[in-house]
Amino acid sequence: MPELPEVETVRRGLEKLIIGARITKVTIPYPKVITGDSQAFTTGVLNAQFTAIDRRGKYLLLRLSNQHTIVSHLRMEGQYSVEPIDAAPRKHTEIIFELDGQRVLFYNDTRRFGRMVLTTTGHESIEAPSLAKLGKEPTEESLTLAYMVAVFSRSKKPVKSFLLDQNQIAGIGNIYADEVLWQSKIHPETPANQLSEVELAILRKNIILEMARAIAHHGTTVHSFSNIFGEVGQFQNELEAYGRVNQPCLRCGATMVKIKVGQRGTTFCPVCQIKRG
Ligand SMILES: [Zn+2]
């Protein structure tokens, strides 16, 4: 699943390619991609121009000139591409936006889990209620240590599961959760409320740095992720924990192990990341 750095990479690509473009025609070969009425969606976006592309957590917010915003969640494999007007849709193209300037914006999704909903700008959470519940963005300004201390202290969940909860911190998924816990030397099953303020400060710093580093590398490519230019992300070459089961820990040399935490595969170092109690 694309996590924050991958979605941010898509956002930046869309920003370069479609700002100012006008939607001249919409075809929806897979109407289920739209939450709500697909005919109303078409009517609501037709003839509008893309004015900005924003992001909140793993959601893209495609701003239109008519006070509407398309809220788009890529889920597992959703992907945008901008192509010449005569480009053939793919087998899994779910929505086709014809743009002025002889171009099309395809939304492709081999797994068909991604969803789009048309909202009123400024009132997005009426049609997309999960947006209102999202936790803080993992940035220096937004994710303060005081916020970390407050929310972690309220939960006994394993810290790995807590990091995946989008309503606490937005944008972290399985890959980056394993990475930041390894970097912070925290066992993934440690209850969130047992982390000390010092540990939370270290974790916070690693989360913020990791997101920035991954964005700088255009995200991580596992499975099919590529940016809107068809380029794959490069951060998979930088991963220190995720996907390294049975390999030596890059810090101490011990063999990395994989367990399930809250149904999710979790890779960690049993020597650096000591379990409590
Ligand atoms: Zn280690």
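Colleague: How do I read burial here: at 18% relative accessibility, does Gln-183 count as buried or exposed?

Modeller: Buried means under 20% relative accessible area, exposed over 50% and partly exposed in between, for a 1.4 Å probe and protein chains only. At 18%, Gln-183 therefore counts as buried. Bear in mind that this is a predicted model, in which local features need pLDDT of at least 70 and side-chain atom pairs count only at pLDDT 80 or more, while totals for chains, interfaces and linings use all residues. Residues are numbered from 1 along each chain as its sequence is written, and side-chain values use heavy atoms, with hydrogens and water left out.

Colleague: Where does Gln-183 lie, and which residues is Gln-183 in contact with, leaving aside neighbours within four places in sequence?

Modeller: Helices (H or I, at least four residues) and strands (E, at least two) are DSSP runs, numbered from the N terminus, and Gln-183 lies in helix H7, residues 174–183. Contact means heavy atoms within 4.5 Å; with neighbours within four places in sequence set aside, Gln-183 is in contact with Asn-206, Glu-210, Arg-213, Glu-240 and Arg-251.

Colleague: Which residues coordinate the zinc ion, and why is the arrangement called tetrahedral?

Modeller: Donors are N, O and S atoms within 2.8 Å of the metal (3.2 Å for Na, K and Ca), and since water is not among the atoms, sites may look incomplete. The SG atoms of Cys-249, Cys-252, Cys-269 and Cys-272 coordinate the zinc ion at 2.2 to 2.4 Å. Four donors count as tetrahedral if all angles lie between 85 and 135 degrees, and the 4 donor atoms here subtend angles of 100 to 115 degrees, which makes the arrangement tetrahedral. Along the chain the donors follow the spacing C-x2-C-x16-C-x2-C. Cys-249 lies in the loop between helix H8 (197–216) and strand S9 (257–261), and Cys-269 in the segment after strand S10 (264–268), so the pair ties together parts that are 20 residues apart in sequence. Cys-249 is buried at a relative accessible area of 5%, and Cys-269 is buried at 0%.

Colleague: How should I read a sheet, and what is the order of the one that contains S2?

Modeller: Strands of a sheet pair through backbone hydrogen bonds, either parallel or antiparallel. Two strands pair if DSSP finds at least two bridges between them. Axes are lines fitted to C-alpha atoms, for helices over the stretch in contact, and angles run from 0 to 180 degrees between N-to-C directions. This open sheet of 4 strands has the order S2-S3-S4-S8 with antiparallel pairing. Strands S2 (50–56) and S8 (115–120) stand at the edges with a single partner strand each, so one side of each has no neighbour in the sheet. From one strand to the next the twist averages 20 degrees. Helix H1 (residues 4–18) packs on the sheet, touching S2 and S3, and its direction makes about 175 degrees with that of S2.

Colleague: Which residues have the most contacts inside the largest nonpolar core?

Modeller: In soluble globular proteins, nonpolar side chains tend to be buried together. A nonpolar core is a set of buried Ala, Val, Leu, Ile, Met, Phe, Trp, Tyr and Cys residues joined through side-chain atoms within 4.5 Å. The largest one has 30 residues, and those with the most contacts inside it are Phe-41, Ile-70, Tyr-80 and Phe-97. Its largest share, 4 residues, comes from H1. Apart from this core lies another, of 29 residues, among them Tyr-147, Ile-186, Ala-192 and Phe-235.

Definitions and conventions: Tetrahedral: all angles 85-135°; square planar, octahedral: opposite > 155°, others 65-115°.
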